[in-house]
There are 4 protein chains.
Amino acid sequence: MTPYAYDYRHRVRYRECDPMGVVYHTHYLDYFEAARTEALRALGLPYKTLEADGIIMPVVDLAVQYRLPAHYDDLLVITASFADVPGVRVRIDYTVRRDGEAAVLATGHVTLCFVDTRRHRPIPAPAHVRALFEQALVEP
Amino acid sequence: MTPYAYDYRHRVRYRECDPMGVVYHTHYLDYFEAARTEALRALGLPYKTLEADGIIMPVVDLAVQYRLPAHYDDLLVITASFADVPGVRVRIDYTVRRDGEAAVLATGHVTLCFVDTRRHRPIPAPAHVRALFEQALVEP
Amino acid sequence: MTPYAYDYRHRVRYRECDPMGVVYHTHYLDYFEAARTEALRALGLPYKTLEADGIIMPVVDLAVQYRLPAHYDDLLVITASFADVPGVRVRIDYTVRRDGEAAVLATGHVTLCFVDTRRHRPIPAPAHVRALFEQALVEP
Amino acid sequence: MTPYAYDYRHRVRYRECDPMGVVYHTHYLDYFEAARTEALRALGLPYKTLEADGIIMPVVDLAVQYRLPAHYDDLLVITASFADVPGVRVRIDYTVRRDGEAAVLATGHVTLCFVDTRRHRPIPAPAHVRALFEQALVEP
């Protein structure tokens, strides 16, 4: 299967930069949230409709590796990739670059879990969610 | 009546400072939230118990005037003052200084509104809330 | 003179919403920063080039009035308006609406000051900055 | 060697909680920053003096594992542990609990790098920094 990948663009804001003049490390996780939200929307799965169906997706674990700094006003491309059809969990991998440049500034991943809000319990991804991923992962 | 005033201390964090090397302006509003929360707790009114009673307090308006910059690792004193017994609204005034210094770095205010969560409507402050303020405003 | 107005669009993120299910009040100020940055860029004045010329623009004062809540995943339109050619200070007014809707969710303003970074002193807006505003304010 | 561990207390703020009513995952990294800053200060090494000596410490990598949610107004204890005398890098491990409770809410680590600001290059931790850690790691 080919991973499903989505490119999200973000302009670095002044409030995101620290006294070193570079993006403070935690903001990459905000970029990751925006990237996966738009990746899911493009797949036909707005997160909002999942919540309306009684499903929430808390974060289980995450990791980030920082290689090169990003600066104020940089236009970043955050690529969110899904390699597998989700089970109870779904893992999204991320790569951050400047728009039009090959150098990787940061990589990372975030694992989310499907949780039934009524029973407060982890559940497998619903059939229609799995179907959307199955389709996206075979079609490049 | 003498205003009820409460001093909240906050150490400036790296993530709160921008490329100018000073606290980015929006973080003062985070300091204000922490200051009013602790001021209300000291008064005998943890915000959490209000929510448990079906009351939320959205922000209606706010303003901040910035006079002098705060720097990384500064220990700030944020003074939250309540001048009146709350009606449907409560206004809190703020002054920010460095610990042990007289110079005022910033001033501001935030107005909150009492809202009944079941009926989604503004309501007057409950009697026990008014009573706590009446007591605090006469006793200096 | 007709004010120079610029519309900036922002999708509300999960991290921006609080337990009331609405956008936490401080994030409007982040939206204002993004809106004025893009408004200045559209005017031919990227803030980054000002900094490269030895000018910074700290915030002097701000105010926000909240009328109606914004929710998760709303697509907001933040209108940034400049009514006057800047002197030592420049005031930007803001209005927040949902995309395609007339109802105003919030209004506000932020006043910035031109500061020479070498002498650490307020200065009048440079001639080329004034010229850009003069042109934008006469041409609707 | 026994790790050097430091307990930092933090009261969960409203702005840190999301529509699920729990602390949004990125804020744990803010808690980690505050915890390591105070841990270093207690060791006799305020980060501010490192910067004054021409050293900055960018984040190289990080990871967080989330086990149980934290709620609004919880008083959290964030334990920052240093297991080794720093070389070019220093790794800090974190555990988050509620004050007075044994259950672990989250674990994680952040790796920082010592960088010479004049030459923009990684350098080994200065001798006086190593000495402070050597002392702290033998004395329990």
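Within chain A of this predicted model, 70% of the contacts between residues at least 6 apart in sequence join residues at least 24 apart. The secondary structure of chain A comes to 3 helices and 8 strands. A rotation of 180 degrees superposes chain A on chain B, and a rotation of 180 degrees likewise superposes chain A on chain D. Strand β3(A) pairs with β3 of chain D, and β3(B) pairs with β3 of chain C.

**Chain A: fold and dimensions**

- The C-alpha trace of chain A spans about 45 × 35 × 20 Å along its principal axes.
- Of the 140 residues in chain A, 36% are buried.

**Contact between chains A and D**

- Chain A gives 15 residues to this contact, and chain D gives 15 residues.
- On the side of chain A that touches chain D, α1 (27–42) and β3 (59–66) each supply at least two residues.
- The largest share of that side comes from β3(A), with 8 residues.
- By class, the side of chain A that touches chain D has 10 nonpolar, 3 polar and 2 charged residues.
- Strand β3(A) and strand β3 (residues 59–66) of chain D pair in the antiparallel sense, over 5 bridges.
- Within this pairing, Q65(A) has D61(D) as its bridge partner.
- The rotation of 180 degrees that superposes chain A on chain D has 0.0 Å of shift along its axis, and the RMSD is 0.0 Å.
- The C-alpha of A63(A) is the one in chain A nearest that axis, at 2.0 Å from it.
- Because 100% of the interface residues of chain A are also interface residues in chain D, the copies meet through the same surface.

**Contact between chains A and B**

- Here 9 residues of chain A are in contact with 9 residues of chain B.
- The side of chain A that touches chain B divides into 5 nonpolar, 2 polar and 2 charged residues.
- Chain A is superposed on chain B by a rotation of 180 degrees with 0.0 Å of shift along its axis, at an RMSD of 0.0 Å.
- This is the relation of a two-fold axis.
- The same surface serves both copies, as 100% of the contact residues of chain A recur in chain B.

**Strand pairing in chains B and C**

- Strand β3 (residues 59–66) of chain B runs antiparallel to strand β6 (residues 104–113) of chain B, and 7 bridges join them.
- In this pair, L62(B) stands opposite V110(B) in β6(B).
- Strand β3(B) also pairs with strand β3 (residues 59–66) of chain C, in the antiparallel sense and over 5 bridges.
- Across that pairing, Q65(B) stands opposite D61(C) in β3(C).

**An open sheet in chain D**

- In chain D, 3 strands form an open sheet in the order β2-β7-β8, with antiparallel pairing.
- Strands β2 (55–56) and β8 (121–122) of chain D stand at the edges with a single partner strand each, so one side of each is left without a neighbour in the sheet.
- Strand β7 (residues 115–116) of chain D pairs with β8(D) in the antiparallel sense, over 2 bridges.
- V115(D) has P122(D), in β8(D), as its bridge partner.

**Nonpolar cores**

- The largest nonpolar core has 75 residues, and those with the most contacts inside it are A35(A), I78(A), A35(D) and I78(D).
- Leaving aside neighbours within four places in sequence, A35(A) is in contact with Y6(A), Y8(A), I78(A), A80(A) and Y94(A).
- Another core, of 74 residues, lies apart from the largest one, and V23(B), V96(B), L105(B) and Y8(C) are among its residues.

How values were computed
Residues are numbered from 1 along each chain as its sequence is written. Chains are lettered from A and ligands numbered from 1 in the order in which they are written. This is a predicted model: local features need pLDDT of at least 70, side-chain atom pairs count only at pLDDT 80 or more; totals for chains, interfaces and linings use all residues. Two residues are in contact if their C-beta atoms, placed from the backbone, lie within 7 Å. Ala, Val, Leu, Ile, Met, Phe, Trp, Tyr, Cys and Pro count as nonpolar, Asp, Glu, Lys and Arg as charged, and the others, Gly among them, as polar. Copies are superposed by least squares on the C-alpha atoms of residues with pLDDT of at least 70 in both. Helices (H or I, at least four residues) and strands (E, at least two) are DSSP runs, numbered from the N terminus. Two strands pair if DSSP finds at least two bridges between them. A residue is buried if 20 or more other C-beta atoms lie within 10 Å of its own, exposed if 12 or fewer, and partly exposed in between; C-beta atoms are placed from the backbone. A nonpolar core is a set of buried Ala, Val, Leu, Ile, Met, Phe, Trp, Tyr and Cys residues joined through C-beta atoms within 7 Å.
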